[in-house]
Amino acid sequence: MQNFHLICNAHLDPVWLWEWEEGAAEAISTFRVAAELCEIFDGFIFNHNEVTLYKWVEEYEPELFVRIQKLVREGKWHIMGGWYLQPDCNMPSGESFVRQMLLGRLYFKEKFDSYPTTAINFDPFGHTRGLVQIMKKSGFDSYLFCRPDPVNCELPGEDFIWTGYDGSEIIGHRALEMYNSPKGQADHKVKEWLEKKQHNPVASLLWGIGNHGGGPSRLDLVQLQELISSSQDTQILHSTPEAYFQELKESGIELLHHKSDINPWAVGCYTSQIRIKQKHRLLENEIYMLEKMASHAALLSLTSYPYDDIHEALCDLMVTEFHDVLPGSSIQPVEEASLRLVDHGLEIISRLKAKTFFALAKGQRKADEGEIPILVYNPHPYPISTIVECEFQLSDQNWNDEFSLPVVYQEGVRLPSQAEKEQSNLNLDWRKRTVFQAVLAPGQMNRFDVQLEVLPRKPELELKTHNHRITFQNEEMEVIVNCKTGLIDRYRVHGIDAVKPGAFMPLVIEDDDDAWGMNVQSFRQVAGVFALMSASEGTQFSGVTEQMLESVRVIEDGEVRTVIEAIFHYHDSFVAQTYKLPKSGTLIEVQLRVHWNEKSKMLKLSVPTPYEQAKYQGQVAYGMDDLPSDGKEVVAQKWTAVHDQENDFVMIEMNDGTYGSDYANGEMRLSLLRSPGYTGHPIHDRTIMPQDRYSNRIDQGERVYRFWFNAGKASELLTTVDRDALTVNEKPFALSFFPPGTGQRPESSLILSDSSILVTAFKKAERSEDYIIRLFEPTGQSRTTELHIPSLNMKQVITLGKFEIKTFKLNVTDKILSEVSMMESEE
């Protein structure tokens, strides 16, 4: 007897609606109908998974919520998946995926005493391989999804064993028939599916109507009941994902292994609505950094841990990761609401960070007369050599034609420092921005002091243009900027070229109005390039009226770095591009301020290298992957790298909020923005956008991007690239603050002896007074480190396998550090 499992689900999607009231109304209506039909039809089971919808029902229709709880206890309503919602499954960090599962599972356990073992993500557009270990260590043994289709991603079969970077395994099932069915057509879908699966001993099918599968209908259930009653050779039953996977395991069917990600689909979504992606990354960074700071302060009883406020901001982050929000495939009101939601979370975190910072400043001495303190908190468990930027106010306005030069000291030792243009435009010697080179001690507050040297005028820029080139050198690298093109012709590290001439060119790429990019796998056709403006054009664009400026110029130069600016244009769009070149080290920063007015085009940043046979690699959620090197659009997180294995050389790109890129023939192209229509969706051969009016489009206007590039020995840089990328994202917090000189200086937070291993979370436990510490091995090699907690006088040696994530619970009272699951239990 064949067993066919029918799984009815509700997937409500804010592609077209997002306002809170509309979402709540649709959730309540769908759940009310589902509850009614569960009570009427014997054997019918309704499946649903998203915490956000249950929260709406719980808040606005508490009687319906109680009714659903009863149905769950009776086995008529099934809590499916157990995540907070269905997020995008490529762009959230590994730690964000942990929180999706943690918050979701705790909610469903509390409200319904339910603990699903099958994770589901019907609608997301692809799935990172890093999910496997996270799901396995969160209590899942199986995964149910729909996209991508076999044309875009070949799998061993509809059912297979998915293997993670660390060797973890779960069973995967791709539901090719998708998750929805038109009203009154569910039985037809089942009949067609039975024909295809007549030789399968066990199979499953998803169905549901409405907004992307909004639940059951009475008509469909009547027709399905007739089909079930008339079936003789097969057993058709209303079921759950867990029941299907359990029977699949018991069937004895041998499943093949899949040892890769499950991508791609909708590759335009790696870039669409870039502001959401950048703000999402910022909120990730700020939350996880604040947790580290707050844990440190609470551990020393300097403040109480602000669990409720952090939880509220974390829920903002979780919703922003929804698979039509973070990918940028929704209408403009969704974009605006999402940005508002992220800003709400950022405002919460900003206030908490300030409060925690002041608490951790205890014990700092009062400033001497004429000193201006700068305190920098390093949240990471290793020392960081970095360039610190900080603004502060002079004690009074200086109306004389003088320049107060800030000089930075640490414990009486003068550090390389310089003054740069402050954020404001008040042409007065008053507000200051200092930039200095420093080494920050791990897990603690670092103290620096500024003394002022009053000069007759601001120091002149020393680096000059020569033969249409600006040549910059330090002991380790050489950079040449071509003043005829505005591009970098040489980035040479320890005598080895990292790029070809003409690097960092903004490229305009042919694109269309499909916001998803669902019918393509690459964006490679160049429509044009940004060209350097003439001096008169660049001067006018820059808003300068008193002199003529060259369109490539040095704008800052001092003991710490040189900053070069270049001004480009293309049709109706403009780019102000800056290169920040350090006086020591090899890490350069490239910043673009883009004014974009093109339609149905894509903007990429071209970085050609001499290494045409190199591997293209990148960071993914709790892992590192070899990315396609044939020009296909790829998704990665905080870094990508061109790796020449033969010569042990690598050129690394790090970012603070871009995800898409491609690579072919040695050239890396970083995807900056796209300009299709909002929810522009291809339907057969129909024209996507209306042709009788103006239509608003994605990412018009001003956007800002920051990238950091490093190059050198791969065997050295790739062991620390995750740490370096985390450092530029969870950036040490610098603030000019005059401490009262009271209290005792706090001991360091956490210290790791192996600087390759990351502390990805240090937070209060969800259901106890303990603390959670999560470690990750990012290099693919087994490593051992000593974790030191100075305030508790604790040291513990920890070994991690390749790409292994380990979660520990710290019992402060008993000074015990014990390994637990990602769900923070000892099961």
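Visitor: How do you know that helix α6 and helix α7 pack, and at what angle?
Guide: In this predicted model, α6 (residues 186-196) and α7 (residues 218-230) have axes 8 Å apart and an angle of about 35°. The axes are lines fitted to C-alpha atoms over the stretch in contact, and angles run from 0 to 180 degrees between N-to-C directions. Ala 186, Asp 187, Val 190 and Lys 191 of α6 meet Asp 220, Gln 223, Leu 224 and Leu 227 of α7, contact being heavy atoms within 4.5 Å. Those residues divide into four nonpolar, one polar and three charged. Helices here are DSSP runs of H or I with at least four residues, strands are E runs of at least two, and both are numbered from the N terminus.

Visitor: Why is Arg 447 called buried?
Guide: Buried means under 20% relative accessible area, exposed over 50%, and partly exposed in between, with a 1.4 Å probe and protein chains only. Arg 447 has 9%, so the label is buried. This arginine is found in strand β17 (residues 444-455).

Visitor: What makes the pairing of Arg 447 with Asp 449 a polar contact?
Guide: The rule asks for N or O atoms within 3.5 Å; within protein, one must be able to donate a hydrogen and the other to accept it, and residues adjacent in sequence count only if both atoms are side-chain atoms. The side chains of Arg 447 and Asp 449 make such a contact at 3.0 Å. The Arg 447 side chain also reaches the backbone oxygen of Arg 365 at 2.9 Å.

Visitor: Is Ser 748 buried or exposed?
Guide: Buried, because its relative accessibility is 11%. Ser 748 sits in the loop between β38 (733-735) and β39 (751-752). Its side chain makes a polar contact with the side chain of Gln 444 at 2.8 Å and reaches the backbone oxygen of Pro 442 at 3.5 Å.

Visitor: And what makes Val 560 buried?
Guide: A relative accessible area of 2%, so the label is buried. Val 560 lies in the loop between β25 (552-557) and β26 (561-570). Its C-alpha atom is separated by 6.3 Å from that of Gln 437, 123 residues apart along the chain.

Visitor: Why do β18 and β21 stand at the edges?
Guide: The open sheet has four strands in the order β18-β19-β20-β21, with antiparallel pairing. β18 (469-473) and β21 (496-497) each have a single partner strand, so one side of each is left without a neighbour in the sheet.

Visitor: How do you know that β20 and β21 pair?
Guide: Pairing takes at least two bridges found by DSSP, and β20 (residues 488-493) and β21 have two, in the antiparallel sense. In one of these strands, β21, Asp 497 is the bridge partner of Arg 492.

Visitor: Which residues touch the most other members of the largest nonpolar core?
Guide: Tyr 54 and Trp 77, out of 99 residues. Such a core is a set of buried Ala, Val, Leu, Ile, Met, Phe, Trp, Tyr and Cys residues joined through side-chain atoms within 4.5 Å. Apart from it lies another core, of 62 residues, including Trp 83 and Phe 448.

Conventions:
Residues numbered from 1 in each chain as written. Predicted model: local features only at pLDDT ≥ 70, side-chain atom pairs only at ≥ 80, totals over all residues. Heavy atoms only, no water. Nonpolar A, V, L, I, M, F, W, Y, C, P; charged D, E, K, R; others polar.
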